Every structure is written in C-alpha cells, then in structure tokens.
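Hi,

Here's the structure I said I'd pass on.

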Amino acid sequence: MRRINAKAFKNAPSGDAVIAAYEAIRPTLKTCDLLLCSGDYAFSKIIRKATSSDWSHVALIVQARAIGRVLVLESVEPEGVRVVPFRKYLLDYKDGKAYPGGIAVASLKAQPNISDRRVMSKFGQQAVDLFGYPYDRDQVLKLALRVAQSTLFGANAGAQDFDNDKEFICSEYVAICLRELGLGEIPPGPHGFVAPVDFVPLLTDFKYLKRP
C-alpha cells in the first residue's frame, strides 16, 4: 500500500502524530487501541456538528495474531454492533470503496494489562455479548434536533435527554467495553453524552491514515 497523506484534525494533540501507511503500523497495533474517524456520512456530520469536533466515530481495535487479522469492534449505522477486519476501512468499506474520510489510531495512556486473562475475558465477553445490538438512531436524531435548535435559538437551546437502552452509538459501545478493563466511566463532554471526541484526552501516540 502506498504512503497516505495526513488529515488535519483540530482535536488531535500537536506534535505526536506519526504519519504512516497501514502496513507499517499494522504490527504495532494493540488490542484495546482505538480507531477514530472523521466521516462524511450524514450521521457523521451530525455528530461532528453536535460535538464541535472533527471526530465522528470511535471503535476498538483487536490484534488477533492467531488468525493474522486486525479487527475493529464497533457500532455503526445501520448494522449496529459488529466486528470487521481493519482492512475493510481501507479497501472496501462500502460498495468497493474505502472509508469516506480521515482515520486515526491511538493508544490508551492508561494501558490495560492485556496479559491478564481474567481482565481480558471480562472485556471480551462484554464486547462480544453486545454483537448484534442495534445502532441507536434515536440518539442521533436527538443530536440532530439539538444542532437545529442551537443553530436557531442559541448554544443552550438544544438540550436533550439521552437514553440508556440496549441500542448504542459507537462511543457508548466503546465506553462500556473499556469499563470492563477497569478504566472507569468515560466522562461525557458538554454535549451531554459520551462522544468520540471525549476519548481524545485518554489517548496518546496518534497515527493518521487517509484513504488514497
């Protein structure tokens, strides 16, 4: 794969971005690293607008060396909670085309002990038990309403109550899984819910990829 140009994300820490092609960084990816995306889909734009951020999606990375694959665990619209190979983002995200936007990978500053079988068993069970649960469209629609109200009536006019059901946007799913690693609750930002951008303070060693 040829080298890929970096995409500028205003929420990324300065000075620690490493631009690398996927094949170069693939061996360094670790289970419990995170994938962050800045997408061009309609739902992506809503999330970016609602959180004043370039980040629209967050997912978990699993380095499955036993089968020679790097996997992405995520919740996406319309499929819901699922697992896909990382390469799908670069080669065939949809209709034979790469993911429409910039992507980055980063490591948790507080590294979980992935050699602890008990901890990783809890993490893996939680992540897998949620496979197949639907994406929370209602949550995103509430976001859209918040954006519209804020645009028309001011920054605080769009407050909404966010639910706690068995439907998940991407950041809810990742937050639940990370909790099983003993990292505690991910604090929500001023937008009123845990969003992709809220993971950025917990991360380090950003590496940026952009579709060719």
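Predicted model: local features only at pLDDT ≥ 70, side-chain atom pairs only at ≥ 80, totals over all residues.

Residues are numbered from 1 along each chain as its sequence is written, and side-chain values use heavy atoms, with hydrogens and water left out.

Helix 4 covers residues 117-129 (helices are DSSP runs of H or I, at least four residues, and strands are runs of E, at least two, numbered from the N terminus). Its buried residues are Val119, Met120, Phe123 and Ala127 (buried is under 20% relative accessible area, exposed over 50%, partly exposed in between, with a 1.4 Å probe and protein chains only). Those four cover an arc of only 90° around the axis, so they sit on the same side of helix 4 (the arc is taken from the directions from the helix axis to the C-beta atoms). On the other side, Arg117, Arg118 and Asp129 are exposed. Strand 3 (57-64), strand 4 (69-76) and helix 6 (170-179) are among the elements covering the buried residues.

Now the cores (sets of buried Ala, Val, Leu, Ile, Met, Phe, Trp, Tyr and Cys residues joined through side-chain atoms within 4.5 Å). The largest nonpolar core has 41 residues, and Trp55, Leu60, Tyr173, Phe199, Leu203 and Phe206 touch the most other members. Helix 6 gives the most to this core, with seven residues. A second, separate core of 19 residues includes Ile61, Val76, Tyr89 and Tyr99.

Last, the rings. There are ten aromatic pairs (rings of Phe, Tyr and Trp, the latter by its six-membered ring, with centres within 6.5 Å; planes under 30 degrees apart are stacked, over 60 edge-to-face, the rest tilted). Tyr22 and Phe86 have ring centres 4.8 Å apart and planes at 20°, so this pair is stacked. Tyr22 is in helix 1 (residues 22-25) and Phe86 in the loop between strand 5 (80-85) and helix 3 (87-91), so the pair ties together parts 64 residues apart in sequence. Tyr22 is buried at 1% relative accessible area, and Phe86 is buried at 0%. Phe43 and Tyr135 are stacked too, at 6.2 Å centre to centre with 25° between the planes. Here Phe43 is partly exposed at 22%, whereas Tyr135 is buried at 7%.

Cheers

Notes
Expected span 1.5 Å × (residues − 1). Contact = heavy atoms within 4.5 Å.
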